[in-house]
Amino acid sequence: CLTAGFGVALSILAALLIGLAVGAINGGIIAFARVSPFVTTLGSMYIIRGMTLVITKGQAFWGLPPEFARIGTGYLLGVPIPVIIMLTIYLAGVVLLRFFVFGRHVLAVGGDEEAARLCGIPVKGVKMMTYALCGMLSAAAGVILAGRLGSAQPSVGDGYELIAIAATVIGGTSLTGGKGTIMGTLLGAVILGIVGNALNLWGVASFYQTVIIGSIVLAAVLSDRLRKRGRD
């Protein structure tokens, strides 16, 4: 949209709406067709990546407007704009989960889907809305990343799904559901950022970093399983 001259605001809105639509489609498949969430999201990820490569022909788009690049590189009162956006989203997530009915429904469905259904919670609707929200936030992350790089590159996000999983697991979220907090995820992301920067400063090659992050995720999952066995 930017290269076609639709303007920054309209282009960002289009990206967010596309992310919202993709998330809603994933949520619908998971909720109504009862397909595994992992399989659904993994499949859609490869579909979107493939479509992106087809549309862009594998080429990056350069020369984005300065006002768009400011989203990823600018400062507001001395604070990087991406940090402000991140903290705002995390704060909104905390408020949503703690003080809104929808947030309580999300926690209930994540904890025990059958019990939530018996309590009268519209489980399928909650799932669709949750996945739609996740899709929109993923699109927002893509917008910020494009602004930071100053270009739209179709393959720049490869492997980020592992980092997202790692941040949530390290932050205390259980992959089996029923446990996890927004602030814990923020802490997990901060820890991963510190680890990544330390590895870069030590000159560790990028492919070794992937091995290390994968090992951290595995260790966190095993630790969660051992704690659950101990409580049982």
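Among contacts in the chain between residues at least 6 apart in sequence, what percentage join residues at least 24 apart? With contact defined as heavy atoms within 4.5 Å, the share is 63%. The model is a predicted one, in which local features need pLDDT of at least 70 and side-chain atom pairs count only at pLDDT 80 or more, whereas totals for chains, interfaces and linings use all residues. Residues are numbered from 1 along each chain as its sequence is written, and side-chain values use heavy atoms, with hydrogens and water left out.

The chain contains ten helices and two strands, assigned as DSSP runs (helices H or I, at least four residues; strands E, at least two) and numbered from the N terminus. From the N terminus on, the order of elements is α-α-α-β-β-α-α-α-α-α-α-α. The radius of gyration is 19 Å, close to the 17 Å that the globule rule gives for 232 residues, so the chain is as compact as a globular protein of that length. This radius is taken over C-alpha atoms, and the rule is 2.2 Å times the number of residues to the power 0.38. The C-alpha trace spans about 55 × 45 × 40 Å along its principal axes. Buried residues account for 27% of the 232 residues; buried denotes under 20% relative accessible area, exposed over 50%, and partly exposed in between (1.4 Å probe, protein chains only).

In soluble globular proteins, nonpolar side chains tend to be buried together. The largest nonpolar core comprises eight residues: Val8, Ile12, Leu64, Phe68, Ile71, Val143, Ile144 and Ala146. Such a core is a set of buried Ala, Val, Leu, Ile, Met, Phe, Trp, Tyr and Cys residues joined through side-chain atoms within 4.5 Å. At least two residues of this core are supplied by each of α1, α3 (66-73) and α7 (123-149), and α7 gives the largest share, three residues. Leaving aside residues up to four places away in sequence, Ile71 touches Ile12, Ile81, Pro82, Ile85, Val143 and Ile144.

Helix α2 (residues 37-56) has 20 residues and should span 28 Å at 1.5 Å a residue; its end C-alpha atoms are 28 Å apart, which agrees. The expected span is 1.5 Å times one less than the number of residues. Thr40, Ser44, Met45, Arg49 and Thr56 are the buried residues of α2. They cover an arc of only 160 degrees around the axis, which puts them on the same side of α2; the arc is that of the directions from the helix axis to the C-beta atoms. These buried residues pack against α1 (8-32) and α8 (160-170), while Tyr46, Ile47 and Val54 are exposed on the other side of α2. Just after α2, Lys57 takes a positive phi of about 60 degrees.
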